[in-house]
Number of protein chains: 2
Amino acid sequence: MRIHWLLAALAIPGITLAAEGMWTLDNLPAKRMQAEYGFTPGGDWVKHVMLGSARIAGGCSASFISKDGLVMTNHHCAAECVEQLSSAQKNYMNDGFMANKREQEVRCPEIELNRLEQIKDVTEQVKSATKGLDGEAFKRAQDAINARLSSECVGSDKDTVRCDVVNLYHGGRYHVYKYHRFQDTRLVWAPERAAAFFGGDPDNFNFPRYDLDISLLRVYENGKPAVIKDYFPFSKNGAQDAEMVFVTGQPGRTQRQLTLSQLATLRDTGLIPRLLQLSELRGVMEQYAKTGPEAARLAEAELFGVENGFKVFKGQLETMLDPALMKKKQEDEAALRRFVASRPDLKTRLGGAWDAIDRVQQAARQLSVPLTMVGRGRGFDSHYFQYARMLVRGADERSKPNGERLPEFTDANTPELEQTLFSTAPVYPDFEKVTLGLSLTKMRESMGADDAFVKQVLGKQAPDQFAAALIDGTKLGDPAVRKALWTGGKDAIASSNDPFIKLALAIDPHARAIRKQFEQDVEAVEQKNSELIAQARFAQQGLDAYPDATFTLRMSYGEVKGWDDAGKKIAPFTTIGGAFERDTGAEPFALPASWHKAKDRLNLAQPFNFVTTNDIIGGNSGSPMINRNGEIVGLIFDGNIHSLGGAFWYDGRINRTVAVHSGAITEMLGKIYGGENLVREMTAH
Amino acid sequence: MRIHWLLAALAIPGITLAAEGMWTLDNLPAKRMQAEYGFTPGGDWVKHVMLGSARIAGGCSASFISKDGLVMTNHHCAAECVEQLSSAQKNYMNDGFMANKREQEVRCPEIELNRLEQIKDVTEQVKSATKGLDGEAFKRAQDAINARLSSECVGSDKDTVRCDVVNLYHGGRYHVYKYHRFQDTRLVWAPERAAAFFGGDPDNFNFPRYDLDISLLRVYENGKPAVIKDYFPFSKNGAQDAEMVFVTGQPGRTQRQLTLSQLATLRDTGLIPRLLQLSELRGVMEQYAKTGPEAARLAEAELFGVENGFKVFKGQLETMLDPALMKKKQEDEAALRRFVASRPDLKTRLGGAWDAIDRVQQAARQLSVPLTMVGRGRGFDSHYFQYARMLVRGADERSKPNGERLPEFTDANTPELEQTLFSTAPVYPDFEKVTLGLSLTKMRESMGADDAFVKQVLGKQAPDQFAAALIDGTKLGDPAVRKALWTGGKDAIASSNDPFIKLALAIDPHARAIRKQFEQDVEAVEQKNSELIAQARFAQQGLDAYPDATFTLRMSYGEVKGWDDAGKKIAPFTTIGGAFERDTGAEPFALPASWHKAKDRLNLAQPFNFVTTNDIIGGNSGSPMINRNGEIVGLIFDGNIHSLGGAFWYDGRINRTVAVHSGAITEMLGKIYGGENLVREMTAH
């Protein structure tokens with residue numbers, strides 16, 4: 001349920017509506033909540049909930065669960081840190097990690113935590129900045145106003161303040177989200193992967209389920225645990241059947257408001273090619289893992305993301321091929337267009353938006369392969385290349401005024417970028433040769449062996465040869481080398497002999513040109529016209545709709561509830577005892593030794609995982625599930641298989657969120673992992 | 001261009017029609033040929049052409065090219081034999097194979113060659129046998145009449161005669177095809193893979209092209225080269241630009257006459273899952289190949305088929321997602337249905353056919369995973385398992401009367417089956433562990449870890465564990481063991497302790513049940529109603545249409561011609577010199593050393609590969625391309641990328657067949673490979 005970056009919702013008639021919606025915290029559907037559950041969120045309650053929630057900037061959700069900066073998220077959200085702290089000698093993914101004392105807590109090299117503190121509407125400023133502009137000019141003006149607004153919001157506190165301009169309702173509203181930024185985030189507890197990801201890929205997105213998918217982190221400021229005023233203590237009993245529950249997290253991306261032609265482009269140029277490439281990478285990693293324990297350790301880290309993404313995109317593709325979805329989308333689009341056509345004022349102003357978007361889809365399709373492979377660098381799948389591009393472009397961009405830079409290099413974004421660039425996480429050359437060689441091969445395959453760019457890159461070498469030569473010659477695995485190049489700016493880059501720097505330099509003009517062409521020919525047109533469609537929706541529905549997900553804080557309300565799966569009743573809860581029944585002793589159904597040792601002490605009847613009707617999507621991983629009192633009753637870590645269609649619509653009959661029960665967390669943290677002190681900290685009100 | 005077994009054509013208005021069509025030899029479009037090219041095929045000409053053409057039963061085309069039984073096909077059609085004759089010590093795929101004397105020609109373990117000698121119409125007999133029957137009864141009656149008709153046709157000569165009942169026009173016509181059967185087929189010449197498959201996967205299905213994709217075989221009878229009366233000698237000059245040319249080969253399968261709902265089922269349950277599985281297998285094989293030279297040898301053999309299939313299915317999927325295709329299909333189907341509705345007699349008799357087919361698509365979709373994984377055994381991807389299933393089922397089936405057996409076990413099919421079963425080709429246990437482990441994992445993934453059948457098979461073991469245990473315990477790699485079990489019949493099977501035999505026995509009831517359910521609920525309904533649609537087409541168009549491809553002999557006529565590829569003019573010929581220009585020295589663009597050594601002696605201006613408008617599809621690989629005089633002017637080995645859409649329609653503007661020029665074959669066979677005597681044999685009239 002981490003975000004998958006490929007690309008707010010209409011009611012679906014005839015389908016249960018309750019629980020649909022990923023609502024911004026400044027526009028909660030208070031009347032509906034009151035009508036359906038007799039609960040109205042008060043201003044203080046909302047503010048407290050906002051401040052108790054958190055975002056992991058790399059693509060997950062989290063929450064504060066103690067006054068001393070303790071943070072709860074999923075194991076799979078902290079896994080990259082757990083892997084980065086591991087080595088050939090010490091495998092924390094297999095063995096788990098526990099800091100019994102504060103001084104044993106270890107800093108994660110690349111985790112940035114954000115806490116939303118303020119939302120400000122800047123719609124008028126953004127719109128007037130881009131008014132009357134088209135294509136490239138539109139895009140540049142938008143980048144410039146975004147850079148200015150976020151810089152103004154950050155002020156002089158860029159180490160602790162982060163501001164993002166958020167595009168809601170596809171251009172219907174622009175808000176500045178102001179966050180407190182925590183970059184010193186330390187690992188406190190991670191159970192063994194066998195416990196966190198019990199059932200592995202076969203059980204992923206399925207239910208019944210038995211996963212202890214949790215990690216605890218702690219945010220530090222000035223070398224000490226941060227003092228946190230708003231946090232969610234653990235509830236006494238955890239979630240109950242039919243109880244109203246809230247999820248506050250960061251859903252990454254939904255496509256519920258795309259036009260029909262955009263959906264078809266997404267299917268053909270996004271989902272299908274990505275699925276095919278993920279499948280192949282999966283095969284490569286599975287086989288690589290068999291060559292030795294260290295290879296297995298590295299490949300497994302990659303495999304989790306690959307297999308998870310594969311399942312997500314496959315579910316999305318299946319939903320998109322379902323005639324029911326397309327029928328619904330066609331009806332909705334036709335109804336909105338009829339509404340616009342029936343109102344002369346709207347017709348003149350907005351009526352052409354759909355056709356305008358349709359017209360650029362051909363360009364979107366033609367650009368998709370070079371944009372993906374070259375523009376976004378997927379043809380160069382290697383950490384070294386990512387560093388090299390950041391360094392090469394960064395040197396160039398940072399010499400420009402803030403408002404004229406590519407968005408990822410603005411002052412507001414520099415701290416996160418530098419955290420990545422200076423990370424002490426190790427890079428593994430042999431492993432990188434595999435991913436780079438494969439991706440170069442796929443670039444050649446999709447662009448053609450006779451493509452001029454492909455020939456420029458590979459010359460007469462085979463992809464694997466070329467990848468090995470680059471990697472054998474690079475020094476970019478060393479963070480000090482990267483820091484020196486970053487600090488040295490354009491001169492350092494120009495005089496570098498590092499093969500990756502030279503490669504990134506050589507291809508940058510072409511890569512930028514493709515990006516620019518896509519931005520002006522496709523993106524700008526889609527954005528301008530999506531704004532118009534958003535206006536049409538506001539005219540039709542008012543603000544009683546939620547925007548598509550944008551990896552910003554949203555609330556979903558719902559309830560604990562099983563579902564009927566094609567005639568089979570699925571109960572909402574599993575128990576700890578059920579996990580032992582499912583244990584076969586063979587991966588991925590082998591519970592860790594620590595569990596068997598503690599089995600006699602455990603309450604086997606304790607609810608373990610459960611499902612609710614909340615409307616979530618990738619990025620919501622690690623979201624707290626709270627009750628009306630703002631207490632933790634569960635921890636979101638997944639959705640059922642039907643939730644994957646949630647990218648395009650919400651079907652309350654079968655779409656379910658999957659969570660770890662709060663009672664299971666405290667039970668096992670205390671009795672299996674020796675974390676009684678942490679349990680005390682989490683349960684203190 | 002070998003067949004890919006996943007599943008006859010309407011004119012496409014507005015598109016060049018010339019060359020469209022894969023015509024049965026008893027229904028050539030003589031008038032069209034005369035009108036377009038001033039050529040009318042006479043009876044003797046057709047008979048001679050039929051007898052000069054051949055089929056490789058495993059999935060390719062071929063031709064006789066000398067009176068002494070010399071046979072020409074593609075390198076990739078004989079590759080399995082070349083691999084089976086290779087070992088860790090001697091790699092004929094890398095080094096090539098040349099028998100300079102007859103006694104050096106080596107028998108291929110699994111190549112059966114068929115020469116069509118007679119076509120007989122049995123439509124009335126088949127239809128009256130199934131008249132008034134439905135579901136299971138329909139299917140059984142059809143199997144029984146097929147078994148009887150082919151047995152009657154074979155008579156007592158089953159070692160040299162083969163008869164198949166061929167279903168043409170989806171049940172519009174049933175013909176018995178009587179073949180001469182050659183099972184003693186020996187390898188004469190195969191160039192290095194680097195020459196045969198120069199450009200590898202990147203160039204596959206592309207043009208310009210530079211492949212010497214040829215192998216020569218020789219059929220033997222009674223230990224001596226077979227005496228062949230009808231054969232195609234090589235022409236003096238080979239194909240010329242704009243020349244009329246004929247392809248006589250065995251196109252495997254097209255889906256040009258499926259209904260809209262069948263096409264959607266094919267896309268969702270056939271193409272997409274198969275593509276995803278092939279991608280993963282591809283990744284596994286790529287990485288397996290890196291673990292050593294012997295691993296590379298084994299993996300590369302698998303990879304060719306995997307990558308080729310991947311490209312085919314990807315091209316098909318892209319065609320199917322093209323709105324132009326669907327629009328055309330919708331219009332055609334609507335027009336035919338309107339035609340039926342306008343004729344009261346047809347309306348009553350045939351009007352319900354489309355809806356009847358639509359109604360069983362849901363069942364087809366639901367059954368597709370178990371049918372594929374269990375029914376067709378794709379969940380058990382191992383030669384050992386294939387042998388085991390053949391042995392287990394064969395013992396059972398052979399105890400029944402011929403007409404009551406599963407079709408693959410009838411008397412008429414026994415010789416080909418026994419050739420496979422008793423093959424001396426080696427089986428490689430370590431390699432089989434990889435494919436079996438992966439396929440079991442995919443079975444668990446697609447059917448679910450909680451599926452009762454999956455649990456029955458795996459018990460508490462992981463797929464890789466289970467695969468290794470089976471393979472470590474089996475003796476089925478030994479052809480003598482297989483022969484003993486085959487000869488021993490039911491008793492031998494029942495008392496066998498071989499783990500694969502026990503597995504095949506244990507799952508056979510379930511596997512048969514799924515197959516039966518699919519046959520009665522889906523296949524029988526589709527067949528019955530496809531027959532009705534065929535009748536509607538005959539009523540609309542007469543017999544001026546060709547049937548969908550059925551891996552039986554067809555003729556396509558066309559001409560040598562380049563095409564316009566989105567504004568870029570593609571010339572019809574490449575030259576031998578062009579291959580040297582394309583050589584980079586790095587795989588797959590490295591010409592073999594033998595070529596460089598001979599370069600000075602070669603005519604670099606000699607046409608090498610070329611394209612024609614002929615309408616072909618997978619299975620046509622190895623087809624002879626002949627001129628009006630019945631002389632070889634080329635050897636079909638591929639189609640361009642646009643030809644992949646040929647599964648669904650023929651677009652004469654861009655669909656092209658790719659062939660090796662006959663002049664390049666003689667030039668290189670003589671000057672590079674020392675095959676002057678073979679050149680003399682092939683060119684003797």
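Predicted model: local features only at pLDDT ≥ 70, side-chain atom pairs only at ≥ 80, totals over all residues.

Visitor: What rotation superposes chain A on chain B?
Guide: A rotation of 180° with 0.0 Å of shift along its axis does so, at an RMSD of 0.0 Å (least squares on the C-alpha atoms of residues with pLDDT of at least 70 in both copies). The two copies are therefore related as by a two-fold rotation axis. The same surface serves both, since 98% of the contact residues of chain A recur in chain B.

Visitor: How many residues of chain A are in contact with chain B?
Guide: There are 41 residues of chain A in contact with 40 residues of chain B, where contact means heavy atoms within 4.5 Å.

Visitor: And how much area do they bury between them?
Guide: Chain A and chain B bury about 3,100 Å², 56% of it on carbon and sulfur atoms. Buried area is the accessible area (1.4 Å probe) that two parts lose on being put together, summed over both. In chain A, Leu276(A), Gln287(A) and Leu321(A) lose the most area to chain B, together 18% of what that side buries.

Visitor: How many salt bridges are there between chain A and chain B?
Guide: The count is eight, a salt bridge being a side-chain nitrogen of Lys or Arg within 4 Å of a carboxyl oxygen of Asp or Glu. One of them joins the side chains of Arg282(B) and Glu280(A), at 3.6 Å from N to O.

Visitor: Which helix gives the largest share of the side of chain A that touches chain B?
Guide: H9(A) does, with 13 residues; helices are DSSP runs of H or I with at least four residues, strands are runs of E with at least two, and both are numbered from the N terminus.

Visitor: Changing topic, how many aromatic pairs does the structure hold?
Guide: Over all chains there are 40. Rings of Phe, Tyr and Trp (its six-membered ring) pair if their centres lie within 6.5 Å; planes under 30 degrees apart count as stacked, over 60 as edge-to-face and the rest as tilted. Phe207(A) and Trp563(A) form a tilted pair, with 6.3 Å centre to centre and 45° between the planes. Phe207(A) lies in the loop between H8 and strand S11 (215-221) of chain A and Trp563(A) in strand S15 (residues 563-565) of chain A, so the pair ties together parts that are 356 residues apart in sequence.

Visitor: What joins Phe207(A) and Pro208(A)?
Guide: A cis peptide bond joins them, with omega about 10°. In chain B, Phe207(B) and Pro208(B) are also joined by a cis peptide bond, with omega about 5°.

Note on methods
Residues numbered from 1 in each chain as written. Chains lettered and ligands numbered in written order. Heavy atoms only, no water.
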